[in-house]
Structure formats: C-alpha cells, structure tokens
Amino acid sequence: MKKFENLGIIVLATTEQITLKETIKALLNNCSENDISEILILLASADCPSACSANEIVKNNTSTIPISCHIQKNPGLYFAVFEAPHLISKCSHFLIIGSDLEMDPHSVPEMIEMSKKNPNMIVCASKFMKCSQREDYGKIHYLCNRTVNYIIGKILHVKATEIISTFQIYPVDIFQEMNFTNEEKAYYEYTLRPLAMGKDYIEISTNYSKRYEGKSTFTPKKYILGSLTFFRIAYSERKRAKKIVKQ
Ligand SMILES: Nc1nc2c(ncn2[C@@H]2O[C@H](COP(=O)(O)OP(=O)(O)O)[C@@H](O)[C@H]2O)c(=O)[nH]1
Ligand SMILES: [Mg+2]
C-alpha cells in the first residue's frame, strides 16, 4: 500500500486579492510543515487582479514551505484543472483549492489526516454532509447542486454527497493512472473518471461560506450547460470503464 508522504497544494486564483492571502495564511497556520511539499498559486493570467497579491505572498513568504506562482497556458477554470497537477512534483498527493474561501482551507488538516489513514483513496471535503454548515448558500443553488450530484452518483453507482468538486486530496498514482488527455473536458473527467473506474472515494465534512470578495465565474447558463456535460461525461466514463474491464 502506498503511503501518504506529503501534499502539494495548487491554489486557483483570478480576481481574489484579500481572500487569496487569507487562504494561504490559513494553510500555513493550520497545516504541519512536514505534510506540505509546496504551495503553487495558479493564476488565470499575468495581469489578473490576483497577480499582485500572489507576487507579494511569494516575496514575503517566511515559512519553510516553498510558495511559487504560475500563469496558466490556456484561459478558463477547466484548463486550470488540467494544467494544475502537472505543475507540482515530489509529492505523493495533491489538492486543488480555490482562493475565494468557499472551499474552507481550515478543512485541509483533517483531509490530510484522513488521507494518511487511507492513502489510496481520494479524500473529498463535502459541504453537503449532515454536519456541514452552509452560510448564505441559496436554496435553488442547493437543490440544483444536490440533484446533479445525486444523478451522477446513480449513473456511476457511487454513494457520495459531493462528486463534482475539485476540493479533493488526489493520490498522484491515481492521477497518473487516469491518463487525462482532453484539456477541455479535464474538469469533468478529473472528478468522474476515478469514480467510474471504481477508485475508493471518501468524504469528510466541510463548511461553506459565500465569498465576500469578487464574483463567481459561474452564470446560470454556464451552470446548466455544465450540468448537462457532467451527465454526458458520467455516461461516457461509465462506458469507457466497462470497456477497460472487459479487455
Ligand atoms: N487559475 C484560475 N482560477 C480560476 C479560473 N476561474 C475561476 N478560478 C478560481 O477558482 C475558484 C472557484 O471559482 P468560482 O468562479 O468562484 O466558481 P464557483 O465557486 O464554482 O462558483 C476561485 O478561487 C477562482 O479564483 C481560471 O480561469 N483560472
Ligand atoms: Mg466560488
């Protein structure tokens, strides 16, 4: 069985300035230095509003954890998810986290503990578990998100509350085995393929609070199109996995 050795963290940023700093601070203050191999801030572009804060963070870093900044090749959240895992090295596991504080960085130490106990599993922090608290999470948003997760769970035969979030500790071995090549569909495949392939998935509870800085990149139209793509990819990933098992 592979062991948890250390975690590489990729922090996604585009418009966040204060919350980017808060995210990094929470990670540095709450995680053990021995557990984290590096923190990489992945910026949407060189001149996005987060760039200035990111450079300041790198320049003023006094911790023993290396912090670096990288500008993504292709614009968009989905491309960022494709690029992110390839940018870190020398870690056994990695985590992609946003910088709007909606994915609570305070949950990372507990995710790490869970990953140490289950190093071959994907560990997800879910905001939809019974004990999760959600501050200012709209009812419609909640209903839609729960429904999408429920349907995908049924398609992939997985019992989980949050399937389509990247707030997961991913073992590097599993990532390499997945062989992702489709940059545009990377985000969908990233979360769905391991589940279709029967990889073990475990959830811990996390809390949600709505961002107070900047705006979400999601619009209702983007959400609907994204959900339909999730259903389509869930089916195609199930088919793909069955084919592999047969061979
Ligand atoms: N690097 C990068 N990060 C992004 C991009 N789009 C969104 N993000 C980050 O991803 C996180 C989640 O994005 P958000 O728009 O809030 O999506 P939502 O939380 O699902 O509504 C935030 O921290 C954003 O800064 C992008 O194109 N590139
Ligand atoms: Mg957000």
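**Close-up views of a predicted model**

**View 1. The shell around ligand 1.** By class, 9 nonpolar, 7 polar and 3 charged residues make up the shell around ligand 1, where Ala, Val, Leu, Ile, Met, Phe, Trp, Tyr, Cys and Pro count as nonpolar, Asp, Glu, Lys and Arg as charged, and the others, Gly among them, as polar. The model is predicted, so that local features need pLDDT of at least 70 and side-chain atom pairs count only at pLDDT 80 or more, whereas totals for chains, interfaces and linings use all residues. Residues are numbered from 1 along each chain as its sequence is written, while chains are lettered from A and ligands numbered from 1 in the order in which they are written. Of the 19 residues around ligand 1, those that come nearest are Leu 12, Ala 44, Gly 98, Ser 216 and Thr 217 (a residue is near if its C-beta atom, placed from the backbone, lies within 6 Å of the molecule).

**View 2. The surroundings of Gln 72.** Gln 72 lies in the loop between β3 (67-71) and α3 (77-83); helices (H or I, at least four residues) and strands (E, at least two) are DSSP runs, numbered from the N terminus. Gln 72 counts as buried because it has 22 C-beta neighbours inside 10 Å (buried means 20 or more other C-beta atoms within 10 Å, exposed 12 or fewer, and partly exposed in between, with C-beta atoms placed from the backbone).

View 3. In α2 (residues 50-59), Ser 50, Ala 51, Ser 53, Ala 54 and Ile 57 are buried. They cover an arc of only 165° around the axis, which puts them on the same side of α2, the arc being that of the directions from the helix axis to the C-beta atoms. Cys 52 and Lys 59, on the other side of α2, are exposed.
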